[in-house]
Amino acid sequence: MISTTRPSGRPFPSDFLWGSATASYQIEGAAHEDGRAPSIWDTFSHTPGKVLNGDTGDVAIDHYHRVPQDVAIMQDLGLQAYRFSVAWSRVLPAGTGAVNQAGLDFYSDLVDRLIAAGIKPVVTLYHWDLPQTLEDAGGWTERATAYAFAEYARVVARALGDRVHLWTTLNEPWCSAFLGYGSGVHAPGVTEPGAALAAVHHLNLAHGLGAAAIRDELGADTPVSITLNLHVTRAASPAPADVEAKRRIDTIANEVFLGPLLEGAYPQQVFADTAAISDWSFVQDGDLELIHVPVDLLGVNYYSTGRVQHGTPPVGDGTPGPDGHRSSAVSAWVGADHAEFLPQPGPHTAMGWNIEPQGLVDLLLELHERYPTLPLAITENGAAFYDTVTDDGRVHDADRVAYLHDHLDAVGEAMDKGVDVRGYFVWSLFDNFEWAYGYDRRFGVVHVDYDTQVRTLKDSARWYRELIRTGVIPAPESAATL
Ligand code: FCB
């Protein structure tokens with residue numbers, strides 16, 4: 001068992017929003033029902049060898065048919081907010097054009113049930129499941145996809161309206177661009193570094209156009225956010241070559257998003273870093289103004305840290321790489337050929353990710369220093385472990401409780417130092433389809449038996465419920481008795 005290193009008992013402000021998060025393809029199932037068309041994840045997961053054990057999201061945890069029961073679980077936990085995503089191909093099966101009313105009705109009903117249960121809906125429009133028709137036309141390498149996203153955003157905004165507490169345009173565009181089109185370990189499985197850079201820009205553009213469409217539809221004061229997985233890395237030594245390796249990772253992982261989204265410009269260094277790969281001619285006059293729209297909040301997804309040195313990255317074989325992602329023969333780190341990720345000291349989760357809450361403190365402090373007036377929320381944080389239901393019918397996931405305990409204390413520490421954090425969403429509410437790892441890696445605070453679809457609160461869920469009830473981080477040892 002992993003022991004905690006941080007104190008218990010830290011109180012949180014009474015208006016701090018406690019939530020949990022999921023994503024459409026990871027939980028919904030019902031892949032062929034009520035007019036839903038395939039997304040890139042349907043195609044990818046059905047391609048042999050792409051997902052561990054050949055798992056797909058066809059059924060997932062059957063959330064599509066279990067909304068009343070699942071919302072009742074959220075209510076039992078006392079969740080104040082629920083972050084979920086909309087499946088684009090349920091709403092606009094062809095990506096643009098004809099609207100599928102049954103798809104909209106599903107989300108509208110979910111939103112009504114959440115509100116009736118006292119839970120604030122936090123809607124992500126794009127959590128990686130691009131309609132396959134749009135991918136067939138070039139996907140995120142095409143500028144037209146950004147405009148299609150704005151059309152889709154408008155349709156969903158019109159349908160769900162002001163019942164939504166907070167809109168999020170994109171979840172982790174880094175993964176969409178670099179795992180989707182660079183290393184190809186995520187859908188659509190393309191391995192072209194130049195395509196990944198075009199995808200970066202068109203995702204940024206989609207955010208700007210989508211945010212404008214939402215506000216045009218619902219009013220200028222409609223709260224809009226984006227969620228990034230900013231990579232927290234450290235140079236392996238102060239040697240200039242190692243520092244430069246880390247700088248290249250920062251540029252391609254973080255700055256190509258923070259720059260245009262929050263500062264209105266791409267980092268100049270990225271053009272030199274990637275000169276052999278792309279001339280960036282996909283950036284057109286006026287695009288930066290379209291991208292750089294005000295955001296009301298920045299979502300931060302945080303799991304672990306990385307250590308980088310100057311070196312030659314090994315050729316990947318699909319196993320988990322030291323950068324935390326599945327390795328591939330083609331690197332996800334476009335323009336950073338001599339940046340090598342080193343294995344991190346433990347403890348590790350079942351993903352092989354190192355556990356380092358201090359990285360979250362550092363990230364939040366850095367963001368606050370750079371953007372002092374921008375509110376933040378932790379839109380994902382959590383851990384996969386190999387959980388089992390024991391003879392007493394419970395899931396004693398002490399490792400996950402310790403992980404959540406220490407990271408929440410890290411959030412509190414950053415808030416004590418002045419960082420404006422508005423809420424925390426544990427990833428994930430339920431065990432679910434963990435992308436290229438299928439159902440093998442369990443992130444839920446609620447256990448799901450994939451044969452029977454029975455849901456069982458893990459100790460972490462009981463512990464989280466106690467935290468929400470009291471507003472004070474409970475001692476981790478108490479979880480097994482709650
Ligand atoms: C994030 C994803 C989320 C989940 C977690 C573990 O990158 O946004 O869907 O898979 O990782």
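Biologist: Let's start with Q344: in which loop does Q344 lie?
Modeller: This is a predicted model, where local features need pLDDT of at least 70, side-chain atom pairs count only at pLDDT 80 or more, and totals for chains, interfaces and linings use all residues. Residues are numbered from 1 along each chain as its sequence is written, and side-chain values use heavy atoms, with hydrogens and water left out. Helices (H or I, at least four residues) and strands (E, at least two) are DSSP runs numbered from the N terminus. On that scheme, Q344 sits in the loop between β9 (339-342) and α13 (357-370).

Biologist: Is Q344 buried or exposed?
Modeller: Buried means under 20% relative accessible area, exposed over 50%, and partly exposed in between, using a 1.4 Å probe and protein chains only. The relative accessible area of Q344 is 14%, so Q344 is buried.

Biologist: Which side chain is joined to that of Q344 by a polar contact?
Modeller: Leaving out residues up to four places away in sequence, Q344 touches T305, G306, R307, N354 and E356, where contact means heavy atoms within 4.5 Å. A polar contact is a pair of N or O atoms within 3.5 Å; within protein, one must be able to donate a hydrogen and the other to accept it, and residues adjacent in sequence count only if both atoms are side-chain atoms. At 3.1 Å, the partner in such a contact with the Q344 side chain is R307.

Biologist: Which residue is joined to G346 by a cis peptide bond?
Modeller: Most peptide bonds are trans. The cis bond from G346 has an omega of about 0°. Its other residue is found in the loop between β9 and α13, and that residue is P347.

Biologist: What is the omega of the peptide bond from W427 to S428?
Modeller: S428 has its place in the loop between β11 (421-427) and β12. The bond that leads from W427 to S428 is cis, and its omega is near 5°.

Biologist: Happy to move on to the ligand: which side chain has an N or O atom 2.5 Å from an oxygen atom of the ligand?
Modeller: Around the ligand are Q26, H127, W128, N171, E172, Y303, E380, W427, E434, W435 and F443, where near means that a heavy atom of the residue lies within 4 Å of the molecule. An N or O atom in the side chain of Q26 is 2.8 Å from a ligand oxygen, and a polar side-chain atom of N171 is 3.0 Å from a ligand oxygen. The 2.5 Å distance belongs to a side-chain atom of E172.

Biologist: What is the phi of A30?
Modeller: A30 is in the loop between α1 (24-27) and α2 (40-45), and its relative accessibility of 5% means that A30 counts as buried. Most residues other than glycine have a negative phi. A30 is not a glycine, yet its phi is positive, at about 45°.

Biologist: Good, now Q453: which residue has the backbone oxygen that the side chain of Q453 reaches?
Modeller: Q453 belongs to the loop between β12 (446-448) and β13 (455-457), and it is buried because its relative accessible area is 7%. Apart from residues up to four places away in sequence, Q453 touches V59, A60, I61, D62, R66 and V448. The backbone oxygen reached by the Q453 side chain, at 3.1 Å, is that of A60.

Biologist: Last one: what relative accessibility does V86 have?
Modeller: V86 is placed in the loop between β2 (81-85) and α4 (88-91). Beyond residues up to four places away in sequence, V86 touches S24, V91, Y107, V123, T124, L125, D129, Y152 and V156. V86 counts as buried because its relative accessibility is 1%.

Biologist: And how far apart are the C-alpha atoms of V86 and G324?
Modeller: Along the chain, V86 and G324 are 238 residues apart.
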